[in-house]
Amino acid sequence: MCGIIGYVGSKEAVPLLLNGLKRLEYRGYDSSGIALIDGPEIQILKKKGKLEALEQELLGGKQKATIGIGHTRWATHGAPNDVNAHPHLSGNGSIALIHNGIIENYIELKKTLLTKGYTFKSDTDTEVLVNLIAEFYDGDLQAAVIRALRRVEGTYGIAVIHVDHPDEIVFARKGSPLVVGIGEGEYLIASDLAAMVEHTRDVVFLEDGEVGTISRNGFTHIKLDESPISRSVTHIDFTLEQIEKGGYKHFMLKEIMEQPITLEDSMRGRLLEEVGEIRLGGLTEHLDALTRAERILLLACGTSYHAGLVGEYLIEDLARVPVEVEYASEFRYRHPVISPNTVSFSISQSGETIDTLEAMREAKKQGALSLGIVNTVGSTIARESEGGVYLHAGPEIGVASTKAFTSQVTIFAMLAILLGRQRGMSDSVAKELIIALKKIPSQVDQILKHQDQIVDIAKTFSRASNFLYLGRGINYPVALEGALKLKEISYIHAEGYPAAEMKHGPIALIDRHMPVVVVAPQDKNHAKIVSNIEEVRARDGVVIAIVSEDDHEVDRLANHIIRVPETHPSLMPLLTVIPLQLLSYYAADLLNLDVDKPRNLAKSVTVE
Ligand code: M6R
C-alpha cells in the first residue's frame, strides 16, 4: 500500500526521505519517488520497482535540499511505471503532490480541467488533484489545497509542496492515515509511524477532514471547514517492528483485524444503492460479453479457489449462470472443453501464482474471455487478463491469506448482483443485497471485538492432532477454508467436508478426541446441519459450532458456540470465516509457531 513521508528542517532531506521510504517497504509497493525544493525549481525523481532503483539515482547526487516529500506507490489507477509513480507535478511545474487513497470523481474533475487547457502525462487520479490545486492557487498553498479538496470525492492522505514556499509542506487527510512528527526545528509528515520514529517520537495523529502545514518553525492544522482543532502531542515508545505490524504480534493478526477497513475499500464506489446497481470499472467494456455468457469458469489455487467456490454459489443462485470452479493446476493439464460464450475469471491475491497464470493463458488460447480478480496491481495476471476487478485490500504479508479471501468473496457478491441485474434480478432484491453488503464491515468488526471466547477455544484445542470442519451450501467452502487455515499455520491436520458427506466415510474418525467445527448459521440448510451435529455428538465428537446470533437451537448440542451477526444468507461466508481465521491464528500462536512464515510455504507460489 502507498506510503508517504515529508520532511522540512535543517538536515539534508534526501537520506532522511530514503530512510523513511525504506521503513515503509513492508507495506508493499511497486514504485517510488521524491520531490525536493532546492533552488528555483521542484526536482522530481521517480522509479518503477524497488527503492534501490531510486537510491542508485540519488546516491552521490548533489541534492542538498532541506525540504522534500517521498512516496512509495502501490498502484490503483494506472500501471506501475515511472510516469504513474508519485510525486506528480502540476502542469506549470510549481506544485508537487504525493497521495494515498483514491479520488473517486477524478474523471469528472479531469474533464473540467481538460476544458481549461490542462494536460496530463499519467493515468493517475493524483495528477488530476495536483492540477486542481494549481487551478485554485493564488499565493496561499493551504487555501488552494482546501478549495481543491472541497471538490474531491474519495479518500486521501496527501503532502504538497510549492516552489514559491520552500519552507512549507501542506498536508490533508480523509480516510487515509497521516501523522505529524515534531522534532527540534524540524517537522515530518508520514502515513505511518515507522517512517519517522528514528527522528522523533513526539507525534500528532491527524483525523479525517483535517488539513494543515508543517514548516521549519512549527505546525498548524485546522478542519477542512476551517474550524480550529486542539490536539495534544503523543509520545511513542513502541519498537519499529511493533509499529510496522500496527502494534499486533503478527502480520496475520493485523490483516485479520483490518478486514472492516479492507472490506470497505473493496466496495468503495462500487455499490449504487439508490438504483440497486453495481459498478465495476474494470468490467465496463466487457458488459456485453458478460450478458452473453453461457458459462463462467473460475480458475484459482488455495484460498483463492475457496473464494471461487463461494463465488459459484453466489453467481448460480443470484444470476442463474452456470459456473465451474477449477483448481488451476488441474485445468491446464486436463485438455478442458471451452464452449463458446465462456467467460473465465482467474482469481489470485498475488497475481503471480504460476498455475493460475498458465490456466488463464490456456483458457484464453481456447477462446474464453479471460478476466482477473486480483489484489496486486500490475501483477502478471492483472496485466495479461483482458479486464477484471481489483480487490483493493492492500498488501497481504502473512503467508496465510485472510483479508484477500473476504475481499474476493465481496467481489463475487458484487459480480453476482451485476450479472443478476443483467438477467432480471429485481430492484428490491438488488437493493436488499447491497444494503446487507454495506453492513458487513461493521458486523465483521463486531465479531473481532468478541474474540476472547475464540482465544479460549484455541487454548482448549491447540494440542489436538486432527480437526474436522463441516459446512453445507455456501458455507461448505468456508469449512474448507477454515481447515486450510488451521493446517497451514498450526500444522494440525484438518479436513473440510460437506456436512452430509461425513457419513460416507469421515464419520469413522469421530471419537471424543476429534474436534469438529460446524459452520451452521441460519439458512435453508439449517435443519439438515443440526442433524449432522447430532450425528457427531452421538459418537462423542466435540462440536464447536458457528451459529447465527439469535439461534439457540444448537446450544443443547454443541460443546462450544460462536455467534455471528445475521446477514443475507448469501453473504454469510463473509462473517462465518472470521472466527475460523482467529481460531487458526490463536492455535498456531499458542504453539509458538512462526505464524507469518509457516514452514514449507511461500506467499506467492511461482513454481509449478
Ligand atoms: O496469490 P494467490 O491467491 O494466487 O495464491 C494462491 C494460494 O497459493 C494461496 O491462497 C495459499 O493457499 C495461501 N497460503 C492460503 O492461505
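Predicted model: local features only at pLDDT ≥ 70, side-chain atom pairs only at ≥ 80, totals over all residues.

Residues are numbered from 1 along each chain as its sequence is written, and side-chain values use heavy atoms, with hydrogens and water left out.

**Stop 1: the domains.** Color 3-242 as domain 1, 245-445 as domain 2 and 450-596 as domain 3; such bounds come from an automatic or database domain assignment. About 2900 Å² is buried between domain 2 and domain 3, with carbon and sulfur atoms giving 69% of it. Buried area here is the accessible area (1.4 Å probe) that two parts lose on being put together, summed over both.

**Stop 2: the ligand.** Select the 14 residues around the ligand; Ser-304, Ser-348, Ser-350, Thr-353 and Glu-488 come nearest. To count as near, a residue needs a heavy atom within 4 Å. By type, the shell has 4 nonpolar, 8 polar (Gly counts here) and 2 charged residues.

Which element gives the most to the shell? Pick α10: it supplies 3 residues.

Next, look for polar contacts, pairs of N or O atoms within 3.5 Å. A polar side-chain atom of Ser-348 is 2.6 Å from a ligand oxygen, and a backbone N or O atom of Thr-303 is 3.0 Å from a ligand oxygen. On Val-399, a polar backbone atom lies 3.3 Å from a ligand nitrogen. The ligand taken alone exposes 410 Å², and the protein buries 91% of that (Shrake-Rupley method, 1.4 Å probe).

Stop 3: Most residues other than glycine have a negative phi, and most peptide bonds are trans. Zoom to His-86 and Pro-87: a cis peptide bond joins them, with omega about 0 degrees. Pro-87 is in the loop between β4 (67-73) and β5 (88-89). Helices (H or I, at least four residues) and strands (E, at least two) are DSSP runs, numbered from the N terminus.

Finally, select Asn-341, where phi is positive, near 60 degrees. Asn-341 belongs to the loop between α11 (328-331) and β19 (342-348).

Technical notes:
Polar contact = N/O pair within 3.5 Å; in protein donor to acceptor, adjacent residues only side chain to side chain.
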